[in-house]
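Biologist: I would like to go through this model with you. Could you put it on the screen before we start?

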Amino acid sequence: MPHSVSPIDSKDPMDQDSTLPDAPPARLGSSDVEDKSNLGGSYVVVQDPANANIKLEDLFDDDDDDEEFPSSEVSKEDIPSSSPPPSPPQIAPSAKYSDPGVMLAFYQRLFPFRYLFQWLNHSMKPSNDFGHREFAFTLQNDAYLRYQSFPTSDLLRKDILRLNPSRFEIGPVYTTNPRDRKTLRKSTAFRPVMKELVFDIDLTDYDEIRTCCDKANICHKCWSFVTMAIKVVDVALRDDFGFQHIMWVYSGRRGAHAWISDKRARSMDDQRRRSIAGYLELIKGGSQSGKKVNVKRPLHPHLTRSLDILKEHFQNDVLVEQNPWARPEKAERLLQLLPDKTLNDALRKKWEAAPGRSSVSKWADIDALAKAGASKNLDGKALLEAKQDIVLEYTYPRLDVEVSKKQIHLLKSPFVVHPGTGRVCVPIDSRRVDKFDPLGVPTVTELLHEIDAWGPQNTEPDLEEGSKKLQDYEKTSLKPYVDYFRTHVGLLLKAEQGVKREREDDDPMEF
């Protein structure tokens, strides 16, 4: 799955736009823009955090005038009694998700900037966890804008509405504001200090074993490989490493990302990240290599648990749905993974006599011929272990571990729109991962049409003073995903408050 690496330069050391504070114009350094195409204009850099004149209560006020998710309902006081109420802005039925106007409407009306800020900031009060965080924007002309940073969610939102990127990525927290990196006397003083531990699952890594689709294409059959991977990795991260704040996010097309936000995970150096990635990595070798699973016996408890999770998926999702050994050359691959030549010869002869034999039957034939004495010198234990390795090869997660090994990797933000499909990168509830339908995730145009279709029959009754108006995302099928994200963020903030209290209780200056 495409991802970006944030190389450290070795040469050089929720209100509407009109209510946001202005930022002084400044020029972008040459390293801020990776010139994928001509920018064709100048860009404004937001002001330094120290100069941002913003009141905390204005940032996190929950009153009805919060415009992060603006409501399209028009206030009755603003409409003359003799005039019909104006209609909310409409998106043309023929509009495509790649249209800049569609993306701008999505950012204005639906993107959860406030929850994203709280998730990355780990607090309601602005801090360096957010202010020193790198963001990278892919603009509509494919220019790539690097080392962007913002002290508050409002300023992030303002710049996104101004630049209207097709997508943006999240990088690490640095020792200083990424915009100020060239003012440092020593380039080594600018380095990453914190980043969520992340994992990347991409279905293109399964192309040699999935038979229904290939490349960027997916269907419900092959999505089961992602489901298996999430189950195995999620339980390992929770049970073996004790992580709690894990959020899985649909990539928008053919994969999923895991974001682990526990403070212990965020603070890990690259060596520890490599160790965890190595712990979870099992499938090694390309499509032309031989045996891809080589594990010692007795099996590690993690692999024993993984086999228990995966065996049912292997029977139904692999043997039945994928039918991986239907073609003779694929069946030959199966025989290469078995340890006994005599048994292999007997199986090959049987399968050649029945060209249409299914993978379910071929898998059953292995035990049937072994029990029938097809090979007098058969080692039953070796055969059992070989079959376990085959199950793991066809079901165990195939991780892009390079994404996980270093803090400096950037990864696509949750809730951005995938430029190839128009689908929103929504969270996946790992407790209900079997129910997640990647092809049912709403597209940006569908969401905007859902807002426009919110007609008079859905108009809210007169609200009591102090109550909230319905926000635009609540009128769409994006609502359950934003609600899940909000709950996840709330649990993370609660845990972070507990960590801070523990530090205060353990004050070394206390007698």
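Modeller: Please note that this is a predicted model. Among the elements that cover the buried residues of helix α13 are α6 (220-239), α9 (301-320), α10 (328-336), α11 (341-352) and α12.

Biologist: Which residues of α13 are buried?

Modeller: The buried residues in α13 are Leu383, Ala386, Lys387, Asp389, Ile390, Val391, Leu392, Glu393, Tyr394 and Thr395.

Biologist: How many residues does α13 have, and what does it span from first C-alpha to last?

Modeller: Helix α13 covers residues 380-395, which is 16 residues, and spans 23 Å between its first and last C-alpha. That is close to the 22 Å expected at 1.5 Å a residue.

Biologist: What caps the N-terminal end of α13?

Modeller: Asp379 does, with a side-chain oxygen 3.1 Å from the backbone nitrogen of Lys381.

Biologist: Let us return to Asp389. Which residue forms a salt bridge with Asp389?

Modeller: Arg297 does, and the closest N and O atoms are 3.1 Å apart. Arg297 lies in the loop between α8 (270-280) and α9, while Asp389 is in helix α13, so the pair ties together parts that are 92 residues apart in sequence.

Biologist: Are the two partners buried or partly exposed?

Modeller: Asp389 counts as buried because its relative accessibility is 7%. Arg297, at 26%, counts as partly exposed.

Biologist: How many salt bridges does the structure hold?

Modeller: The structure holds 33 salt bridges. One of these is between Glu134 and Arg146, with the closest N and O atoms 2.7 Å apart. Glu134 is in strand β3 (residues 133-138) and Arg146 in strand β4 (residues 144-148), so this pair ties together parts twelve residues apart in sequence. Both Glu134 and Arg146 are buried.

Biologist: Which residues are linked in a network of salt bridges?

Modeller: Arg109, Asp452, Asp472 and Lys475 are linked in this way.

Biologist: Now to α12. Where is Asp365, and what does Asp365 touch?

Modeller: Asp365 sits in helix α12 (residues 359-371). Leaving aside residues up to four places away in sequence, Asp365 touches Leu347, Lys350, Trp351 and Arg357. Asp365 counts as buried, since its relative accessibility is 5%.

Biologist: And the chain overall: how many helices and strands, and what share of residues is buried?

Modeller: The protein chain has 16 helices and eleven strands. Of its 511 residues, 51% are buried. The accessible surface of the chain is about 24400 Å², with 50% of that belonging to carbon and sulfur atoms.

How values were computed. Residues are numbered from 1 along each chain as its sequence is written. This is a predicted model: local features need pLDDT of at least 70, side-chain atom pairs count only at pLDDT 80 or more; totals for chains, interfaces and linings use all residues. Side-chain values use heavy atoms; hydrogens and water are left out. Helices (H or I, at least four residues) and strands (E, at least two) are DSSP runs, numbered from the N terminus. Buried means under 20% relative accessible area, exposed over 50%, partly exposed in between (1.4 Å probe, protein chains only). Contact means heavy atoms within 4.5 Å. The expected span of a helix is 1.5 Å times one less than its number of residues. A polar contact is a pair of N or O atoms within 3.5 Å; within protein, one must be able to donate a hydrogen and the other to accept it, and residues adjacent in sequence count only if both atoms are side-chain atoms. Accessible areas come from the Shrake-Rupley method with a 1.4 Å probe; for residues, only the protein chains shown count as cover. A salt bridge is a side-chain nitrogen of Lys or Arg within 4 Å of a carboxyl oxygen of Asp or Glu.
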